[in-house]
Each structure stands twice: as structure tokens, then as C-alpha cells.
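Here's a friendly walk through this structure. Have a look at the model below, and then we'll go through it piece by piece.

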Amino acid sequence: MSDTPRGPRKPGKPYRRPKKDPVRILAFEALRAVDERDAYANLVLPPLLRKAREQEGPDRFDGRDAALATELVYGTLRWQGTYDAVIAACVDRPLREVDPPVLDVLSLGVHQLLGTRIPTHAAVSASVELARVVLGDGRAKFVNAVLRKVAQNDLDGWIEKVAPTYDEDPEDHLAVVHSHPRWVVSALWDSLGGGRAGIEALLAADNERPEVTLVARPGRSTTEELLDEEAAVPGRWSPYAVRLTEGGEPGAIEAVREGRAGVQDEGSQLVALALANAPLDGPDERWLDGCAGPGGKAALLAALGAARGAVLLASEKQPHRAGLVAKALSGNPGPYQVIAADGTRPPWRPGSFDRVLMDVPCTGLGALRRRPEARWRRRPEDLEGFAPLQRALLHSALDAVRVGGVVGYATCSPHLAETRAVVDDVLKQRPEAELLDARPMLPGVPDLGDGPDVQLWPHLHGTDAMYLALIRRTG
């Protein structure tokens, strides 16, 4: 965009070029990519950060700048619903009539005012300067006027103004206070059960920055090696997990660069471990991961299987994701195979496997801490699109396992329509299959409910909201 002013200059007011702030420009570019291209922030940010370091140099764009840019992007995305309600109270038109780039600048400004310790005058002036650079002087005045209204209250004051009380409308109150779509609040509440305290704790946990969790792949790395890293502590539940309490760049860790360790949420590790721990009748030689991309669970399963002399077949429908699986498994201590295949039309023979994992595609509502934009992108009707595929993949998994073998049905969503409803519907049609109690397969993990299936939760376990049902084929 040109820096030249439009229209005649006013006497006595010489034109001043806007100051380019690389941190806020980067944050704006990331939000535009999320909005325009349906990109995910965790994929967009790393290349933008590298580009900024290269262009500005390490002296002008250091680790603190990268941390601020990351906070601005993720904080704005997490709190988008609350901030939209605040902005709507400060403009004279419906938000849908505000240009999306203007709304992104406003949201970044509101986050600085209401969600950080940046002083009010600095938050407003920096946002107005950003608007001048990316939007032009005219719309920068609009940004200035709106943010000055926002600055008149803190977050608690605004919530009192824009949210209904809990007694008036519990779900809408929680939706505004905790920045989740109302339908997501309702769905999570149904899945969680119980009263107000549990759902408030869950929604609050969704808005916390998750720690980076590593997995030491057996036979290739150890937790002791990873614990030598700065601010590294053992995982809570998985014997292969290490948490980086101060964030950091996993790619800078030698074991991660070499593929001997990986970034993997502890909930994901627990799903693989539970399937590997489940009791079997008969041989334990052939394992299948039927929806293996991008490869985290497959890499852990392959390593666990190799220690027992079992071979993993990792299947992924999308060829580019199958490539990611192959990269994750490269260097596994035992034999394995990676193929690109549709799990609903499999190339393997029925009854070929002793253990089968089917981590099915889903809405991803269990990973809102890591992908905050997903809460605004998903719609209730998305459930209808996933339902037939989830049921078909579970049927396929039960066909693939031999009599006496075990299937793990997993999904990174706690929505009942993607978890128990799928399992119940399929088992009604499969009298030769029975649910196992999955809870003993996760020793030491508390708050696993009444079983036999398992639902993990961010606020109870510090993991993504992974679901797991273990099913044995009996005939």
C-alpha cells in the first residue's frame, strides 16, 4: 500500500509516514491468512516469524518480539467472540458491515487493551499506526475512535455490559465470558455433565496457552535425554512424555530434529499406550493404524510394537499426509510399512490384525487450546458430514481385526455425536464385538469417569480432550 497521503494536506500539518512495527504487521498478516485462507495459526506463524527474523535481523526482531507476535495472534483468536461483542458495542453498524481487515486491526488492538499488560496509550497508538500502514489514514481514524471507546473499561467492565447474566441465559453468558460459540458451550456441557463449575473450568482451560509436550520414541530416544533441555519436566501421565514449561522451539532440540522424539500431546500418547496395553487372546504380531496422518500415534505405536516383535502398518488416505507419516516413522527400530489407502475401502484382508487404531477425522473440538480458530470455523452441521465416515471407519476397523483382537476408536473431540453415539450405533450392528474397560489401560490417570470408555479433559488432565473406546472382537 502506498505511503503517499490522499487528498490535499491541511496547512500546518505536514504528512508523517506511519511507523512500521514488524511485530504487529506480522500478527495482522497471520490473522488475515486465518480469515482469508482458512489457514491455521500454528502453521502460518513459524514461516512468518522466520521471514521477520531474516528481514529485520536478530537485533531488531528477537525472541521477545516473536513471543509478543505469538501472544497477539493466539490471544486475539482465542478471545475473538468476547472481543467481537465489545467492538459491536462501540461501532454504529453491524460487525458484518465492518471490513474484515479493519476488524482484524481492531481485534488486535482490543486484545492489547483488555488481554495484555501493554499500557493503554501504547496499545491505542500502536494499533492506529498499524492501521495507517495496512489500511490507510481514513480507516486509521475509525480504529482510533473505536479503541478509545474500548479503553474506557477493563475486560470485567465490558463483560458486565455485553454479556447476559448467568441466571438470564447460562449458555450465552458462558459463551461471551469464555469466548466460545454458544453451540460449542452447549455441546461441551452435555459431554461433561455436571453443573457450572466443571464447564467454567473446561472453557477457561481452552483459553490457556498449552505447554509444548514432547514424546521420546522408545528405542530411539529417552525422557532422560529430553529432560536435559531447559525448563523441561516429566509428563504427567505418559512415561514417554516431557513438558517444556516455558515453551521454546522444539525444532531446536536435536532429538526432535532427528525424528527420535516428536511434539505430541500427552492425550494422544495415552491413546496409543492404552491400545498397546489392552489384553489380547492369541498372537500379537500385526498392528494397524488406519487413519495414521500426520504420524504421531503411528510413530509411538511402531516403536512400542517393535519392542515386542510386532509390525505396524500405517495407512493414511491423503498421499501428502502419508508422506508425513513416513517421515515420523523413519528410523523406527523395527520393521513397519506406510501406505496411502482409504480406510473405508481397505486393501488388507479381513481379520488380518491383532490390534487396530482408528483415530477418525472429527470436528477437533478437543484441541481448541492449540487451534483456537477452529471454534469459530466449525458449525453444528459439520457433525452430519463426519458421522457417516466415523461409523464406516469403525466398521472397517472391526472387519480388519481378528477374533480376540482389539480395536481402539479414538477422536480428538468430546462431542457425544462423535464419541459414544458412534460406538453405540456400530456395536448395535456388531454382536460379535464388546466394549472393554479402557480405564485400567491408563494406570495412574485420575478422573476417568464411569467407563468403560475414556474421555480426557484439558481442565482435569492437562491434555487435549481425547476420547477412546476399546473394543474386542469376540466372534
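Let's start with an open sheet: 4 strands line up in the order β2-β3-β1-β4, with antiparallel pairing. Strands here are DSSP E runs of at least two residues, helices are H or I runs of at least four, and both are numbered from the N terminus; two strands pair if DSSP finds at least two bridges between them. This is a predicted model, where local features need pLDDT of at least 70 and side-chain atom pairs count only at pLDDT 80 or more, while totals for chains, interfaces and linings use all residues. Residues are numbered from 1 along each chain as its sequence is written, and side-chain values use heavy atoms, leaving out hydrogens and water.

At the edges sit β2 (232-234) and β4 (261-263), each pairing on one side only. Strand β1 (residues 212-216) runs antiparallel to β4 and is joined to it by 3 bridges, and Leu214 stands opposite Val263 in β4.

Now for Cys412, where UniProt places the feature "active site" in an unreviewed entry; such annotations may be inferred rather than shown by experiment, feature names are shortened, and positions follow the numbering used here. Cys412 lies in the loop between β9 (401-411) and α19 (420-429). Because its relative accessibility is 16%, Cys412 counts as buried (under 20% relative accessible area; exposed is over 50%, partly exposed in between, with a 1.4 Å probe and protein chains only).

Contact means heavy atoms within 4.5 Å.

| Residue | In contact with |
|---|---|
| Cys412 | Asp359, Cys362, Gly364, Leu365, Gly366, Ala367, Asp464, Ala465 and Met466 |
| Val73 | Ala27, Ala30, Leu31, Ala41 and Leu45 |

Note on methods:
Lists of a residue's contacts leave out its neighbours within four places in sequence.
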